[in-house]
Amino acid sequence: KLVNSSGSSPEPGQDSFLSLDFTNYLASTSADLKVTIKPTVPGLITLTKATVNPGRVETGKKFNNKLNPFAFKLSSSITTNTTLTLLITFEDGNYNDYQYVSFLLNPTYIDVDENEIITTVASNGRLGYENPNTGTNGVGFNFGENSMLYEMGIIAGSSVSNLYNNVRAASGFDQDFTIIDKIREVTPGARSSSETYGSFKNSGTDAISISYRSLAWSNVPYDKFVIMEYKVKNISADPISGFNFTLFGDWDITTDGQKDIAKWDPETKMGYVYPAPDGPDKSKPSAGIRILKGIAPIHYAIDNNQ
């Protein structure tokens with residue numbers, strides 16, 4: 001994990017601390033093992049602690065340098081979504097080896113990967129991918145070896161003329177929201193293993209601001225879901241009547257979603273999608289969205305048949 005002194009995602013110009021998980025697949029090391037990092041591109045960081053000495057590591061053992069992290073200062077001029085690649089070298093007597101690791105600096109999106117689900121939260125309010133039209137800046141929604149999502153985002157408003165979203169449109173994708181607070185990550189979070197948070201707003205007759213927070217747990221049995229919390233505030237001059245707020249998700253459980261079945265379970269207040277039991281992908285998992293608190297939801301399923 002790469003964090004600042006408060007445990008959040010580091011900002012340009014801040015001191016940063018890096019901890020990594022290591023596994024020794026070879027013979028036991030001596031107590032003189034040294035692990036050193038070095039950036040492959042100069043100017044992005046200034047190293048303040050480049051080497052750690054983990055001591056003797058037995059064959060097959062793992063270690064983490066969380067209590068003794070690498071340290072460096074980020075350049076104040078780092079632009080958004082800059083990739084930092086580090087060369088890691090291992091030295092122990094006559095043994096030398098290396099590998100590379102990469103990190104995203106000053107991100108506009110963050111991957112949530114604390115448990116069996118790997119997905120992405122973006123500053124613009126989208127989930128899965130920041131850019132769903134190209135499937136970039138994100139990992140989608142993955143469970144095990146299964147990629148399960150094409151796009152997910154927000155639709156909110158009070159009428160056809162006052163509708164704001166960041167999902168598909170007649171051509172391309174709408175983006176009616178602008179960032180207020182850039183996305184950040186804190187590990188561990190206040191209530192879960194890791195949390196991302198930020199806020200955005202729209203402009204128009206029904207002006208609203210939306211703050212969000214993801215919560216993910218790494219421990220069983222809470223390791224197969226991610227919670228998204230949204231707080232919606234009316235920042236316009238007048239009350240808003242007939243307001244609705246929804247998550248729109250285009251799940252692709254089966255190949256291109258061709259054999260997906262969508263249902264609503266009123267008992268758990270969950271809309272879910274699963275593979276057709278007579279299809280070729282019948283063994284793939286199910287996925288869904290469940291409301292945990294608040295007013296009774298309304299669920300719509302779309303047969304996207306061109």
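**Entry 1**

I looked up E116 and found it partly exposed, with a relative accessible area of 37%; the class lies between buried (under 20%) and exposed (over 50%), with a 1.4 Å probe and protein chains only. The model is a predicted one, in which local features need pLDDT of at least 70 and side-chain atom pairs count only at pLDDT 80 or more, while totals for chains, interfaces and linings use all residues. Residues are numbered from 1 along each chain as its sequence is written, and side-chain values use heavy atoms, without hydrogens and water.

I then recorded a salt bridge between K224 and E116, with the closest N and O atoms 3.3 Å apart. The term requires a side-chain nitrogen of Lys or Arg within 4 Å of a carboxyl oxygen of Asp or Glu. K224 sits in the loop between β21 (208-216) and β22 (226-234), and E116 in the loop between β11 (109-112) and β12 (117-122), so the pair links parts of the chain 108 residues apart. Strands are DSSP runs (E, at least two residues), numbered from the N terminus. K224 is itself partly exposed at 45%. K224 also forms a salt bridge with D223, at 3.4 Å between the closest N and O atoms; D223 is buried, with a relative accessible area of 6%.

**Entry 2: further salt bridges**

I noted 13 salt bridges in the structure. One of them joins E229 to R191, with 2.8 Å between the closest N and O atoms. E229 lies in strand β22 and R191 in the loop between β19 and β20, 38 residues apart. Both count as partly exposed, E229 at 29% and R191 at 46%. I also found K1, D113, E114 and E185 linked in a network of salt bridges.

**Entry 3: aromatic pairs**

I counted 10 aromatic pairs, taking ring centres of Phe, Tyr and Trp (its six-membered ring) within 6.5 Å, with planes under 30 degrees apart as stacked, over 60 as edge-to-face and the rest as tilted. The rings of F22 and F90 have centres 6.1 Å apart and planes at 90 degrees, so this pair is edge-to-face. F22 belongs to strand β3 and F90 to strand β9 (residues 82-92), 68 residues apart. F22 is buried at 8%, and F90 is buried at 15%. The pair F177 and F200 is tilted, at 5.1 Å centre to centre and 55 degrees between the planes. F177 is buried at 4% and F200 at 1%. I recorded F22, F63 and F90 as one aromatic cluster.

Technical notes
Helix = DSSP H or I, 4+ residues; strand = E, 2+ residues; numbered from the N terminus.
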